[in-house]
Amino acid sequence: MKEIITVIKEQFEHIGMVFRMSRYEDKADYQSHYLGLAWQILNPAIQIGIYYLVFGVGFRQGQDVGDVPFIVWLLIGITAWFYMSSSILGASNSIYKQIGLVSKMKFPVSILPTTNIVSNLTSYFPMIAIVVVTALFFGINPSVYWIQYFYYFICMVSFLFAFGLLNATITVLIRDYHIFLQSTIRLLFYISGAIVNVENRNLPDVAVKILRLNPIYYIIDGFRDSFLSREWFFEKATYTLIFWGIVLTMLILGSHLHMKFRAKFVDYI
């Protein structure tokens with residue numbers, strides 16, 4: 001528990017550095033592009049268009065998901081997915097990528113995964129605005145359920161921080177782990193509910209319940225619960241407790257490994 005407190009304390013004590021480094025990363029990644037930071041919105045928007053044509057028009061032939069237009073259902077899920085997948089992969093490689101900085105400057109290495117998570121918010125928030133506008137356009141009116149969006153946003157950031165810290169540490173210790181993680185993310189894309197409604201795929205109830213244990217599924221499904229006014233998070237208490245149990249377990253393990261090995265990161269690389 002002491003290690004968790006230390007890591008979390010470092011995030012708040014250096015929050016200013018986190019935001020400065022995230023802005024620098026944004027500018028550095030797109031400085032040679034004519035459209036610059038606009039690509040942070042254009043790139044996911046183009047991909048969403050492709051997925052809608054393939055899955056919405058091609059496979060589903062424009063059919064709604066229940067009484068919800070497929071484009072709205074897709075946007076809610078895939079916007080969260082793009083943010084989480086890019087943050088997971090970016091955070092996992094954050095320490096290895098910045099090892100030159102780590103070896104020359106003295107600062108808490110634990111903020112590097114957080115920096116990547118914050119940096120990706122630059123594209124996430126505009127996409128959420130697009131989700132809201134699209135939902136309103138298709139006649140989905142705001143309701144009190146929309147308030148719990150903030151709860152699921154906290155869930156998402158907490159999961160990404162705990163998972164990112166763990167992944168970043170393991171990636172330094174075992175370089176092949178990052179490649180394994182990339183392959184796993186590709187698989188999770190299809191079983192996390194981002195573009196495929198796993199509850200309507202004629203799967204056995206046991207298989208659906210197992211898939212719902214996935215933290216990413218919990219978050220994506222929670223955003224849909226919020227925007228589509230379906231149910232409150234406390235109405236699925238079992239999955240909520242399992243989600244926070246998984247996050248806490250990853251945070252304990254990630255904090256322990258990080259504090260144990262971070263003084264030797266340069267040696268490992």
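## Ground rules

A polar contact here is a pair of N or O atoms within 3.5 Å; within protein, one atom must be able to donate a hydrogen and the other to accept it, and residues adjacent in sequence count only if both atoms are side-chain atoms. This is a predicted model, in which local features need pLDDT of at least 70 and side-chain atom pairs count only at pLDDT 80 or more, while totals for chains, interfaces and linings use all residues. Residues are numbered from 1 along each chain as its sequence is written, and side-chain values use heavy atoms, with hydrogens and water left out.

## Serine 87

Serine 87 counts as buried because its relative accessibility is 1%, where buried means under 20% relative accessible area, exposed over 50% and partly exposed in between (1.4 Å probe, protein chains only). The side chains of serine 87 and asparagine 120 make a polar contact at 3.0 Å.

Contact means heavy atoms within 4.5 Å. Leaving aside neighbours within four places in sequence, serine 87 is in contact with Asn116, Ile117, Asn120 and Leu160.

## The overall fold

The chain has 14 helices and 0 strands, these being DSSP runs numbered from the N terminus (helices H or I, at least four residues; strands E, at least two). Buried residues make up 50% of the 269 residues. Of the contacts with a separation of 6 or more, 79% are between residues 24 or more positions apart.

## Two nonpolar cores

A nonpolar core is a set of buried Ala, Val, Leu, Ile, Met, Phe, Trp, Tyr and Cys residues joined through side-chain atoms within 4.5 Å. The largest one has 63 residues, and Trp81, Tyr124, Met156, Phe159, Ile219 and Phe223 have the most contacts inside it. Helices that each supply at least two residues of this core include α1 (2-13), α4, α9 (149-173) and α13 (237-261).

Not counting residues up to four places away in sequence, isoleucine 219 touches Met84, Tyr152, Cys155, Met156, Phe159 and Phe243. Another core, of 10 residues, lies apart from the largest one and has Met21, Ile95, Ile111 and Val172 among its members.

## At the surface

The accessible surface of the chain is about 13,900 Å², with 65% belonging to carbon and sulfur atoms; areas come from the Shrake-Rupley method with a 1.4 Å probe, and for residues only the protein chains shown count as cover.

Isoleucine 210 lies in helix α11 (residues 205-211) and is exposed, because its relative accessible area is 53%.
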